[in-house]
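Dear colleague,

Please find below the structure that I am handing over to you. My notes on what was found in it follow directly after.

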Amino acid sequence: MSDAPAWDARYDAEGFTFGEQPNRYLESMLSRLRPGQRALALGDGEGRNGVWLARQGLDVTSLDWSARGLAKARAFASRHGVALETVAADLTRWDWPQGRFDLVAWIFVHLPPDDRVLVAQRAVAALAPGGLLVLEGFSPAQEGRRSGGPRDPALLWTADEARHLFAGLRLLECLGGTVLLDEGPRHQGEAEIIRGLWQRVG
């Protein structure tokens with residue numbers, strides 16, 4: 001399900017909708033990253049996470065349905081002197097590679113339930129042996145807060161669902177609670193999230 005025109009319009013504004021700094025949970029994975037690893041940043045928009053990963057020496061593919069956002073991501077990468085492959089595609093229709101990525105970053109990507117199941121299956125299959133999947137998303141407790149996230153409760157994450165969707169991977173952690181977001185004008189203030197880390201074994 002694509003909402004590319006709406007996101008194109010959002011990213012057409014000046015500045016960075018979610019800031020220029022990487023997601024803090026993704027940033028906390030620094031000790032697990034190695035130069036030359038292949039990373040996929042889902043819903044990467046203007047490139048804040050993909051560019052940060054590229055600056056750590058990773059070979060990064062930024063995937064988003066907004067061509068406008070990805071154009072800004074390429075300019076952002078150029079400003080930092082790093083390479084960034086960008087792909088404008090609907091996550092449910094993209095021709096996902098198999099066993100390719102050492103890291104899949106699923107940061108604040110909120111999909112309808114059926115699409116979420118499909119994309120989770122493909123993300124798991126896209127991981128190389130030993131590869132990591134990093135997840136952060138808003139939980140149902142976020143409803144009514146002004147710090148970001150979708151209004152449709154069906155798009156929100158629960159820890160139980162995340163554990164179920166990624167049951168084929170080794171669970172390293174899956175946590176929920178309150179964080180203080182400071183990620184551009186769209187993510188500001190206390191927020192209710194879940195965070196998870198999984199690894200493909202074998």
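Strand β5 (residues 127–138) is mostly covered, with 10 of its 12 residues buried (buried means under 20% relative accessible area, with a 1.4 Å probe and protein chains only). Helices (H or I, at least four residues) and strands (E, at least two) are DSSP runs, numbered from the N terminus.

The model is predicted: local features need pLDDT of at least 70 and side-chain atom pairs count only at pLDDT 80 or more, while totals for chains, interfaces and linings use all residues. Residues are numbered from 1 along each chain as its sequence is written, and side-chain values use heavy atoms, leaving out hydrogens and water.

Strand β5 has two partners to note. With strand β4 (residues 101–107) it pairs in the parallel sense over 6 bridges, and with strand β7 (residues 187–199) in the antiparallel sense over 7 bridges; two strands pair if DSSP finds at least two bridges between them. Val-134 of β5 is the bridge partner of Ala-105, and Leu-197 in β7 is the bridge partner of Val-134. Together, β4, helix α5 (residues 113–126) and β5 make a right-handed β-α-β unit: with the strands pointing away from the viewer, the path from the first strand over the helix to the second runs clockwise.

Elsewhere, Gln-37 is found in the loop between α2 (24–27) and β1 (38–42). Not counting residues up to four places away in sequence, Gln-37 touches Arg-32, Leu-58, Asp-59 and Asp-102 (contact means heavy atoms within 4.5 Å).

Yours sincerely

Key:
Buried < 20%, exposed > 50% of the residue type's maximum accessible area, 1.4 Å probe, protein only.
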